Amino acid sequence: MAASPGLADLSRLYQTEFVRSARAVGVLWAVCTLCFAIIQVVVLVQPSWVGTTQGPMGLARPSGTLGLFEVCVESDWPVPDCRGGLSSLSPLPSFQSVAVLVGVSLWAVWTSVLCLCLFRFCSAATVYKICAWLQLTAGFCLALACLLFPDSWESPEMRSLCGESVGSFSPGNCSVHWAYILAVLGVLDAAILATLAFVLANRQDALLPPDAKEGENMWILCLAKCLTPACRQQGHQFHPSLSGPAQMSARPH
């Protein structure tokens, strides 16, 4: 049985360099998505959102760092003295809303990682779009967390570590550390990954010519009809190996 012109054109299209490049970009996007998910875990658990700075000579200040779940102050021991922790699942009272937003962002990005398994069961364009919306959600929640965190600096934890000059958007004797900077970069990363996912989804839709898309829709319509009792009584049979127009013309012998 000779292949239809639409299927022949489609098979030739999948041999082009454009398709191979799209697959390579898709693999790179998946790897970057996994890296972004790991970064989210580090941002949530590390007590390095804010840290103390060196004061003038002769002025002794406590040295330490602060995160969403714990405050760590350096001591005479090699291990810093930390109060709080992720094991209790209770963030610092002043940063509860920030911790919730980062947690939602973490959930969204890891859900997008799990959705990569759907490539075996769903169309690539659908999976890309699902992941893109999840990554946009993750980036939006992380951006809100980065904005709310400086507004929560006027807290007892910040005052004990950074002095009485602490206020909203004023860290006093402290400065932002690498975990907060990593969170800001995570917002940009989420925006780039979501945009790339939307582009890849549109590319996947554009790979199918119009006649192939119509044939796919007719195949689905024929399948739905042939599953009805009336269609079975008329003698129609469903052959998965046939495409839409060929399936509609198939009859038992």
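This is a chat about one predicted protein model.

Visitor: Before we start, what kind of model is this?
Guide: It's a predicted model, where local features need pLDDT of at least 70, side-chain atom pairs count only at pLDDT 80 or more, and totals for chains, interfaces and linings use all residues. Residues are numbered from 1 along each chain as its sequence is written, and side-chain values use heavy atoms, with hydrogens and water left out.

Visitor: Okay, how many helices and strands are in the protein chain?
Guide: The protein chain has nine helices and five strands. Both are DSSP runs numbered from the N terminus: helices are H or I with at least four residues, strands are E with at least two.

Visitor: In what order do the elements run from the N terminus?
Guide: They go α-α-β-β-β-β-α-α-α-β-α-α-α-α.

Visitor: What share of the residues is buried?
Guide: Of the 253 residues in the protein chain, 36% are buried. Buried means under 20% relative accessible area, exposed means over 50%, and partly exposed is in between, using a 1.4 Å probe and protein chains only.

Visitor: Switching to the surface: which residues make the nonpolar patch?
Guide: Leu34, Ile38, Val41 and Trp110 make a nonpolar surface patch of about 310 Å². Patches use residues with over 30% relative accessible area and no salt bridge, joining like charges within 9 Å and nonpolar side chains (Val, Leu, Ile, Met, Phe, Trp, Tyr) within 5 Å. The areas come from the Shrake-Rupley method with a 1.4 Å probe, and for residues only the protein chains shown count as cover.

Visitor: Which helix gives the largest share of that patch?
Guide: That's helix H2, residues 17-45, with three residues. Trp110 is in helix H3, residues 96-114, and it counts as partly exposed because its relative accessibility is 31%.

Visitor: How do H3 and H4 lie relative to each other?
Guide: The axes of H3 and helix H4 (residues 124-151) come within 8 Å and cross at roughly 160°. Axes are lines fitted to C-alpha atoms, for helices over the stretch in contact, with angles from 0 to 180 degrees between N-to-C directions. H3 and H4 are therefore roughly antiparallel to each other; angles over 145 degrees count that way, under 35 as roughly parallel, 65 to 115 as roughly perpendicular and the rest as oblique.

Visitor: What about salt bridges, how many does the structure hold?
Guide: Two. A salt bridge is a side-chain nitrogen of Lys or Arg within 4 Å of a carboxyl oxygen of Asp or Glu. Glu154 and Arg159 meet at 3.3 Å, N to O, and Arg159 also pairs with Glu164, with the closest N and O atoms 3.4 Å apart. Together, Glu154, Arg159 and Glu164 form a network of salt bridges.

Visitor: How accessible is Arg159?
Guide: Arg159 is partly exposed, at 26% relative accessibility, whereas Glu164 is exposed at 64%.

Visitor: Last one: where is Phe169?
Guide: Phe169 is in the loop between helix H5 (156-162) and strand E5 (174-176). Its phi is near 60°, a positive value in a residue other than glycine. Phe169 is exposed, at 55% relative accessible area.
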